[in-house]
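Hi everyone, thanks for making time for this.

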Amino acid sequence: MAANIHDQSFSIVFGFLGNILSFFVYLAPLPTFYRIFKKKSTEGFQSIPYSVALFSAMLLLYYAFLKQHDAVMLITINSIGSCIESIYLIFYLIYATKTARQFALQIYTTKLVIFFNIVALGLIILVTLVSFKGHLRVSIVGWICAIFSVCVFAAPLSIIRLVIKTKSVEYMPFPLSFFLTLCAITWFFYGFSLRDFYIATPNILGFSFGITQMILYLVYRGETKALVLPDSNNKVQLEQFPNANNVQQSTVNQNQEGAMNYGVAGMISNSQVVPSELNV
């Protein structure tokens, strides 16, 4: 009995800390959207991170509602996250109309939202409600969340690879990696204290990749800024660039800000989308 109360207290503390950290992580893309607002254009920025973030937040909301017990912290932050990501996407759609290419991005974003949040999420809800009951239903949805989380957590490999190639950490700000790692650690202990391994397990990958990124930062922080350019033989060339607002760099940072929001309390991570503009 005392052990259960102890674990309950730990889960409340870690859940509260996780909510605070995750809320600020959800706000990380604000500079990107301020730039979009200022230029009245989405430029080359992608909508994929925000579409996936909305899907994973809503998926975790469904899991939390099924779970019922000890789910308040999950419901709170993923409700907030769903609202924030929806606002980001609406904002993106409003300003993705300046050119023909951006209009194509607007159509693509609409298709993404329909696919993830209506078709995919709808099928998951329908199948699990019709085919499974009770604890088995919670376990199935928990496994879906965990598997999706693992897939998302593999994404940082692209940024880690990019940092090693360029020998530059311009694509990977240390504060961002630090707070994402801290966030993953917090949610790991939250899940562990409740014996909710669908939440705890994926975050092991989260803080592992986070620690890896911070180590890379310490190794390469004094190196020359570089831009990855393929030569005619498909080999990587390194070229110095003095402009900190380089288009490619800003796109990478946007991906880092957006992709890290791939759902909170089980899916939030140091994940990055492949750092390139979206071709439609």
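Predicted model: local features only at pLDDT ≥ 70, side-chain atom pairs only at ≥ 80, totals over all residues.

What is the chain built from? The protein chain has 10 helices and two strands. Of the 280 residues in the protein chain, buried ones make up 50%. Now take the contacts between residues at least 6 apart in sequence: 77% of them join residues at least 24 apart.

Let's look at what the database says. An unreviewed UniProt entry lists "transmembrane region" for residues 12-36, 48-65, 71-95, 107-132, 138-164, 171-191 and 197-220. Residues 107-132 are 96% helix and 0% strand, with end C-alpha atoms 35 Å apart. For residues 197-220, the chain is 100% helix and 0% strand, and the end C-alpha atoms are again separated by 35 Å.

Helix 6 has 20 residues, so at 1.5 Å a residue it should span 28 Å. In the model its end C-alpha atoms are 29 Å apart, which agrees. Helix 4, with 24 residues, reaches 35 Å from its first C-alpha to its last, close to the 34 Å expected.

Which residues of these helices are buried? In helix 4, the buried residues include Met-73, Leu-74, Ile-77, Asn-78 and Gly-81, and also Glu-85. In helix 6, Val-138, Ser-139, Val-141, Gly-142, Cys-145, Ala-146 and Phe-148 are among them. Here is a handy thing to remember as you look at those numbers: an α-helix has 3.6 residues a turn, so residues three or four places apart point the same way.

Helix 6 also has a partner I'd like to show you. Two packed helices are described by the angle between their axes and the distance between the axes. Helix 6, residues 134-153, packs against helix 9, residues 197-220, at an angle of about 5°, and the axes are 8 Å apart. Angles under 35 degrees count as roughly parallel, and helix 6 and helix 9 are therefore roughly parallel to each other. Who meets whom? On the helix 6 side we have Ser-139, Gly-142, Trp-143, Ala-146, Ser-149, Val-150 and Phe-153. On the helix 9 side, they meet Tyr-198, Pro-202, Asn-203, Leu-205, Gly-206 and Phe-209. Sorted by type, the residues of this contact are eight nonpolar, five polar and no charged.

Stay with helix 6 for a moment, and find Cys-151. Is Cys-151 buried or exposed? Its relative accessible area is 53%, and the cut-off for exposed is over 50%, so Cys-151 counts as exposed.

Now go to the loop between helix 8 and helix 9, where you will find Asp-196. With a relative accessible area of 4%, Asp-196 is buried. What does Asp-196 touch, leaving aside residues up to four places away in sequence? The answer is Tyr-63, Lys-67 and Gly-191. Asp-196 and Gly-142 are 54 residues apart in sequence, yet 9.0 Å apart in space, C-alpha to C-alpha.

Leu-105 is in helix 5, residues 100-131, and has a relative accessible area of 1%. Its C-alpha is 9.1 Å from that of Thr-42, 63 residues apart in sequence. Ile-159 is in helix 7, residues 156-166, and is buried with a relative accessible area of 1%.

Last, a word on backbone angles. Most residues other than glycine have a negative phi. Lys-40 has a positive phi of about 55° although it is not a glycine. You will find Lys-40 in the loop between helix 2 and helix 3, and at 41% relative accessibility it counts as partly exposed. Asp-70 also has a positive phi, near 55°. Asp-70 is in the loop between helix 3 and helix 4, and it is partly exposed, with a relative accessible area of 34%.

That's my tour, so over to you for questions.

Key
Residues numbered from 1 in each chain as written. Heavy atoms only, no water. Helix = DSSP H or I, 4+ residues; strand = E, 2+ residues; numbered from the N terminus. Buried < 20%, exposed > 50% of the residue type's maximum accessible area, 1.4 Å probe, protein only. Axes fitted to C-alpha atoms, helices over the stretch in contact; angles between N-to-C directions. Parallel < 35°, antiparallel > 145°, perpendicular 65-115°, else oblique. Contact = heavy atoms within 4.5 Å. Nonpolar A, V, L, I, M, F, W, Y, C, P; charged D, E, K, R; others polar. UniProt positions renumbered as here; feature names shortened; annotations may be inferred. Expected span 1.5 Å × (residues − 1).
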